[in-house]
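Look at the spaces in this protein one by one. Begin with the ligand site, then move to a pocket and a cavity.

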Amino acid sequence: MEIAIIGSGYVGLVTGACFADVGHSVVCVDNDQKKVDGLQSGHIPIYEPGLEEVVYRNVSAHRLRFTNSTADGVDHSQIVFIAVPTPPQPDGSVDLTYIEKVAREIAEVLKEYRVIVDKSTVPVKTGEKVAETIRRYNKARVEFDVVSNPEFLREGCAVADLMNPDRIVIGSNSDRALALMKKVYEPFMAPIMVTDINSAELIKHAANSFLALKISYINAISAICEASDADVERVADGIGADKRIGRSFLNAGLGYGGSCFPKDVAAFIAISEQLRVPFTLLQEVERINGAQLERFLKKIRDTLWVLKDKRIAVWGLTFKPDTDDVRNSVAISLINNLLQEGAVVQVYDPKGMEKSAELKMCVGATLAKSAIAATENAEALVLATEWDEFKNVDFVQVRKSMHTPIIFDGRNLFDPSTMTELGFRYFGIGRSGVR
Ligand code: UGA
């Protein structure tokens with residue numbers, strides 16, 4: 001199949017590369033010429049395991065190319081995917097400016113039948129608006145169909161998620177479009193779920209909000225565990241063993257972050273309000289999420305007392321491991337809180353240092369060369385992102401390097417008894433009952 005993807009961000013780039021890898025001919029369109037030039041010469045602007053190889057392989061095989069021209073993309077494809085950002089507005093609702101702009105651009109160059117697929121995460125009923133816009137701006141009055149095809153990939157394992165999806169959701173009101181969409185996804189050999197457009201759009205927001213809810217649920221339980229001398233890890237194992245519940249996304253911690261959950265939960269709340277069926281449960285999900293960091297900071301203050309001039313090591317900057325993405329990272333909020341209280345913060349992250357420095361996200365913190373270097377003379381070590389690398393650090397050396405051996409583990413990465421045996425005072429999340 002000939003496919004165009006408009007927008008070469010996380011979703012667009014990974015989708016384009018993986019579509020090419022299964023044999024489709026893909027052109028990725030982006031209005032940022034610097035990015036297009038970089039991609040064409042093999043420079044991947046994000047860290048995503050496996051992506052560089054897939055891009056390189058398919059550019060070399062001439063199945064994948066990059067351009068800044070929407071007309072080029074639309075002319076040379078049967079299907080046009082829209083994968084542009086849908087950022088949040090101050091009131092939580094979604095800014096659909098980019099979607100509208102791309103819909104107009106497509107309309108202006110549309111000369112024959114195309115399927116226009118919305119891959120960006122959008123509020124329900126956006127598909128109707130996209131169709132309306134294309135109809136209004138297409139002077140040639142050609143036939144087209146709009147389809148909703150939400151993406152469920154996770155950063156850090158985006159290539160694997162895309163190549164082996166749990167399901168593919170196609171929201172379409174046209175058999176002609178559906179037949180073409182099925183051809184796109186045939187090579188993935190995954191279950192295809194066909195719905196109407198509105199339901200497909202809702203599936204995406206409902207799925208992300210449910211996962212966020214699961215995280216807030218276990219985080220609320222972690223607070224109860226701390227107050228009742230119980231261990232949240234054991235509670236999560238106990239409830240997660242029930243197949244109806246499942247253990248995944250029951251890891252208590254500093255709360256969810258990143259470019260998806262905070263935005264999508266807020267957007268779903270905003271849509272529900274617009275539809276006059278307010279989803280108030282999700283407001284509580286947000287509240288619990290924010291409270292996790294507050295409780296953790298209180299634990300640090302209660303233990304260290306005044307933070308001013310205290311030297312604190314922080315491991316982690318990214319919103320989760322295996323990514324260099326620092327957007328909406330709880331680790332960054334934590335560091336900024338410590339800095340505001342006058343602490344001297346020494347940070348290390350395996351992949352997030354460059355982006356956080358470039359985006360000036362924690363000005364005032366010292367970026368250390370290694371995990372151990374960050375702990376030099378520190379009065380406490382805070383684990384904010386659960387990178388595997390941190391599990392394998394030599395803690396005998398960490399202890400020697402630190403001024404006072406105290407660990408605040410914001411992701412329950414370490415084993416409390418091992419840390420205690422090694423001579424650390426250990427504080428986790430919801431683990432006050434650990435013996
Ligand atoms: C999320 C969804 O998992 C994807 O299915 C979806 O496609 C994507 O959003 C999107 O909408 O584009 P992602 O944001 O990459 O993916 O990351 P997750 O792995 O879901 O983690 C989100 C946040 O939740 C992270 O901050 C993570 O630390 C936190 N989390 C996750 C927990 O605190 N506890 C858990 O048990 C799991």
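Helices here are DSSP runs (H or I, at least four residues), and strands are runs of E of at least two, numbered from the N terminus. This is a predicted model: local features need pLDDT of at least 70, side-chain atom pairs count only at pLDDT 80 or more, and totals for chains, interfaces and linings use all residues. Residues are numbered from 1 along each chain as its sequence is written, and side-chain values use heavy atoms, without hydrogens and water.

For Leu153, a backbone N or O atom lies 2.7 Å from an oxygen atom of the ligand. Lys204 uses its side chain: a polar atom there lies 2.7 Å from a ligand oxygen atom. The protein covers 91% of the 710 Å² of accessible area that the ligand has on its own (Shrake-Rupley method, 1.4 Å probe).

Next comes the second largest pocket, with about 340 Å³ of space. On a 1 Å grid over the protein atoms alone, a pocket is an open set of points with protein on both sides within 12 Å along at least five of seven lines; a cavity is a set where a 1.4 Å probe fits but cannot get out; lining residues have an atom within 4 Å of a point. Points are joined across faces, edges and corners, and volume is the space filled by probe spheres set on them. Of the 18 lining residues, Leu96, Pro123, Lys125, Thr126 and Lys129 are the closest to the pocket's centre. Helix 5 (97-109), helix 6 (126-137) and helix 11 each give two or more residues to the lining.

Finish with the largest cavity, about 40 Å³. Its lining includes Asp118, Ser148, Glu201 and Lys204. Helix 9 gives the largest share of that lining, three residues.

How values were computed. A polar contact is a pair of N or O atoms within 3.5 Å; within protein, one must be able to donate a hydrogen and the other to accept it, and residues adjacent in sequence count only if both atoms are side-chain atoms.
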